[in-house]
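Here is my note on the model. Please read the points with the sequence and the coordinates open.

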Amino acid sequence: MATRERAESLEASLKARPDKRDVVDSGVLIEQPPVAAQLEKNLRKATLTNSLKDRPSKETLESAAILIDQTPEQHALEKNLAKSMLSRGLNATNRPSYESLKEDNIIVDSGKAKELEKAMATDKLKVGLEKRADANDLKEKGVLKTPKDANKASLEKNMAKDKLAKELEKAQRPSVDELKDKGVVKDKMRVRAESLTTEMAKTSLKNELASRPSVEEVKKAGVLKTTAQANAVTLEKQMNADAVAKKVARRPSVQEIKDMSIGADVDPDAKVLKELKKSDSVSSSGSTVVVKKADAPPPAVPTAPAKAASPPPAKAESPKKKESPKKKKKFFFGLF
């Protein structure tokens with residue numbers, strides 16, 4: 001009999017249970033594909049792994065007195081000892097009475113306390129009213145609006161509402177599916193996937209940071225320079241800069257370079273002037289010098305007509321040559 005009643009009760013309960021769609025709509029049952037379920041499982045696993053890695057060690061908890069390494073009997077004994085010490089302190093003869101605490105204003109009567117709080121609030125309100133700003137100042141600052149400003153603000157608000165309603169009623173407004181395709185609206189699966197990607201990136205970053213070389217290894221490899229090495233490099237650069245500055249300060253001027261004929265290829269006039277100086281010095285010593293310009297063609301020399309062969313002159317009796325009364329003129333050919 002009892003079995004039959006139980007079966008009937010169970011059958012009535014099965015008939016009265018809600019439909020699957022109602023359970024899904026209420027959020028009790030989450031209907032999702034296998035891929036989403038596996039993704040959520042991996043996300044929870046990654047979150048739990050990171051939480052376990054970040055938890056403090058047993059030694060840290062013991063040093064902070066959060067975890068006390070003792071047996072349950074020791075813990076109960078310590079608790080009873082603290083309780084007995086507290087009861088002794090409360091039952092001590094030198095403990096002040098309620099009246100003495102009241103006289104010392106340590107314990108304040110509830111009625112008097114309320115009156116005191118009310119009086120303090122009244123005084124604070126009076127001070128605030130005395131220090132409050134004038135209405136004209138508030139109007140200039142825009143805190144207190146005139147009826148005209150209030151109407152203007154209300155009109156602008158209504159215009160914005162109408163504009164927003166028209167925009168929402170437009171036929172070209174994208175649907176939810178289009179926004180999901182563009183990534184503007186994200187569904188649950190996409191949010192979970194991004195969360196999983198973030199957790200995996202965090203885990204990878206922690207692993208990379210844990211395996212990175214120490215400061216000493218980086219210094220030995222020469223990637224990270226010590227203070228002494230950095231100072232040495234800076235000093236070397238400064239010395240090179242000083243040396244270059246000294247060489248630049250000692251370099252000759254343009255005129256000195258021209259005088260030294262170093263810049264003759266650049267300035268042909270300087271070369272011609274120098275050759276003229278040389279020709280003047282040589283002509284003063286009695287020799288003939290012909291100076292030609294580098295780029296000009298040689299001058300045409302007129303040829304004299306051939307003369308008849310004349311007999312050789314007679315030899316003088318004296319071994320000395322006769323000097324002509326006038327020195328022969330020397331011709332100076334050249335183009336300047």
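Which side chains meet Lys206 in a salt bridge? Point 2 has the reply, after a word on the model.

1. **Basis.** This is a predicted model: local features need pLDDT of at least 70, side-chain atom pairs count only at pLDDT 80 or more, and totals for chains, interfaces and linings use all residues. Residues are numbered from 1 along each chain as its sequence is written, and side-chain values use heavy atoms, with hydrogens and water left out.

2. **The Lys206 pair.** Asp54 is the partner: its side chain meets that of Lys206 in a salt bridge at 3.0 Å, N to O. Asp54 lies in helix H3 (residues 34-54) and Lys206 in helix H11, so the pair ties together parts that are 152 residues apart in sequence. A salt bridge here is a side-chain nitrogen of Lys or Arg within 4 Å of a carboxyl oxygen of Asp or Glu. Lys206 is partly exposed, at 37% relative accessibility. For that scale, buried is under 20% relative accessible area, exposed is over 50%, and partly exposed is in between (1.4 Å probe, protein chains only).

3. **Arg192.** This residue sits in helix H11 (residues 188-210). Arg192 counts as buried because its relative accessibility is 19%. A network of salt bridges links Arg192 with Glu40 and Arg44. Beyond its neighbours within four places in sequence, Arg192 contacts Gln32, Leu39, Glu40 and Leu43. Contact means heavy atoms within 4.5 Å.

4. **Thr198.** Helix H11 also holds Thr198. Thr198 is partly exposed, with a relative accessible area of 41%.

5. **Pairs within H1.** The structure holds six salt bridges. One of them joins Glu8 and Arg4, with the closest N and O atoms 3.6 Å apart. Both lie in helix H1 (residues 2-16), four residues apart, about one turn. Glu8 is partly exposed at 45%, and Arg4 is exposed at 61%. Glu11 pairs with Lys15 at 3.7 Å between the closest N and O atoms. Glu11 and Lys15 are also four residues apart in H1, about one helical turn. Glu11 is partly exposed at 44%; Lys15 is exposed at 68%. An α-helix has 3.6 residues a turn, so residues three or four places apart point the same way.

6. **Helix H7.** What span should H7 have? At 1.5 Å a residue, the 22 residues of H7 (residues 110-131) should span 32 Å, and the end C-alpha atoms are 32 Å apart, which agrees. The expected span is 1.5 Å times one less than the number of residues.

7. **Overall make-up.** The protein has 15 helices and zero strands. Helices (H or I, at least four residues) and strands (E, at least two) are DSSP runs, numbered from the N terminus. Buried residues make up 5% of the 336 residues. Among contacts between residues at least 6 apart in sequence, 48% join residues at least 24 apart.

8. **Confidence.** The mean pLDDT is 76, and 77% of residues reach 70 or more. pLDDT is the predictor's confidence in each residue, from 0 to 100. Residues 286-310 stay under 50, and the model gives them 16 contacts beyond four places in sequence. Residues 314-336 are also below 50, with 13 contacts beyond near neighbours in sequence.
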